[in-house]
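I opened my notebook beside the model and jotted down what I looked up. Here are the entries, in the order I made them.

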Amino acid sequence: MADQEEEQDNTGDQNHKPQDLPQVLVLKPPPVLSVIGEESFLSNKYQFLKAWESPLPLHQFLTAHAGSIQAILCSGAAPVTDDLLQLLPSVRLVVTASAGTNHIDLEACHRRGISVTNAGNVFSDDGADAAVGLLIDVLRKITASDRYVRQGLWVNEGDYPLGSKLRGKRVGIVGLGGIGLEIAKRLEALGCNVLYTSRKKKTFLSYPFYSDVCQLAAHSDALIICCALTDQTRHMIDKDVFSALGKEGVIVNVGRGAIVDEKEMVRCLVHGEIAGAGLDVFENEPDVPKELFELDNVVLSPHRAVFTPESFMALCELVVGNLEAFFSNKPLLSRVMDV
Ligand SMILES: O=CC(=O)O
């Protein structure tokens, strides 16, 4: 079966036999594929082994190609675990088509001498636009009042309750990486006071830094979560943080659902212990806690914050650039350093 697959030229390259090309494993189609199309995304300089198209069980498929796969192209849809890497001794590179790397066992990659690259900064603008958009939406009740108008309630019930002003708000950014920095720039331009927490204080910035997220919440009117999901940040936004944020506080999450203790967040929203939420990510996507559907002070979005056709085009170039750099022994373009 493996031989049959190797005979099938899925590279589009007429000059090379596919088996001469470097082999890159793709476990599941990353979201970018459905927008950009396989022909554009999967460069014909490599033989992409699409595990999901093989009739073989994954383990057998991987074993059949174990010696020849040098790189893995992945996304959040398929985890890259230590057990998987164990089966693929020739892998030296994992390229993820995402900003987040929580689906990759970074420690195992480090131990095995495997480099990892991610989406670098290609999603920073769109992620920041979406985060600020969600914050404005919650504060000014844009989606909720849209529903009000469509349901004919303006006519029957009168004016909709007023929202709250953005200018002057103290916004705590949790994670001042590429997306966080872009959020800060936008909020500054909109007249907000930016504060932040991050792994380390950024000495080149004058925004107030809080090493403790509870302290940050206590000094913020809104918190925007845009840090990485790691063992340290899982459920970091917990009961104590919500209580420090307080009844008037708003939370926006464009990072990962599991950074927030979702059950506790739902409880706080239902009981009015925080004022509202703008959420692009959830703990068990695509499942969203049903209680949130009933709440007008919550804006929901289906994990789309960073994705636009433009960011996907940039991602496409970056992925190909990283593969080219790797296979020609040049420095990687967006190496993940924090192992
Ligand atoms: O959530 C999207 C990403 O991590 O790229």
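I began with Cys192, which counts as buried because its relative accessibility is 6%; buried means under 20% relative accessible area, exposed over 50%, and partly exposed in between, with a 1.4 Å probe and protein chains only. Before going on, I noted that this is a predicted model, in which local features need pLDDT of at least 70, side-chain atom pairs count only at pLDDT 80 or more, and totals for chains, interfaces and linings use all residues. I also noted that residues are numbered from 1 along each chain as its sequence is written, and that side-chain values use heavy atoms, with hydrogens and water left out.

Next I checked Cys214, which is in no disulfide (a pair of cysteine sulfur atoms within 2.5 Å); its nearest cysteine sulfur, in Cys268, is 12 Å away. Cys214 is partly exposed, at 22% relative accessible area. My search of the whole structure then came back with zero disulfides.

**Val298.** I found Val298 in strand β11, which covers residues 298–300. Helices (H or I, at least four residues) and strands (E, at least two) are DSSP runs, numbered from the N terminus. Is Val298 buried or exposed? Val298 is buried, as its relative accessible area is 4%. Leaving aside residues up to four places away in sequence, I listed its contacts (heavy atoms within 4.5 Å): Val298 touches Leu269, Ala277, Leu279 and Leu292. I also looked up Val298 against Cys74: they are 224 residues apart along the chain, and their C-alpha atoms are separated by 32 Å.

**Whole chain.** I counted 14 helices and eleven strands. Along the principal axes, the C-alpha atoms fill a box of roughly 70 × 50 × 35 Å. Of the 339 residues, 50% are buried. Among contacts between residues at least 6 apart in sequence, I noted that 61% join residues at least 24 apart.
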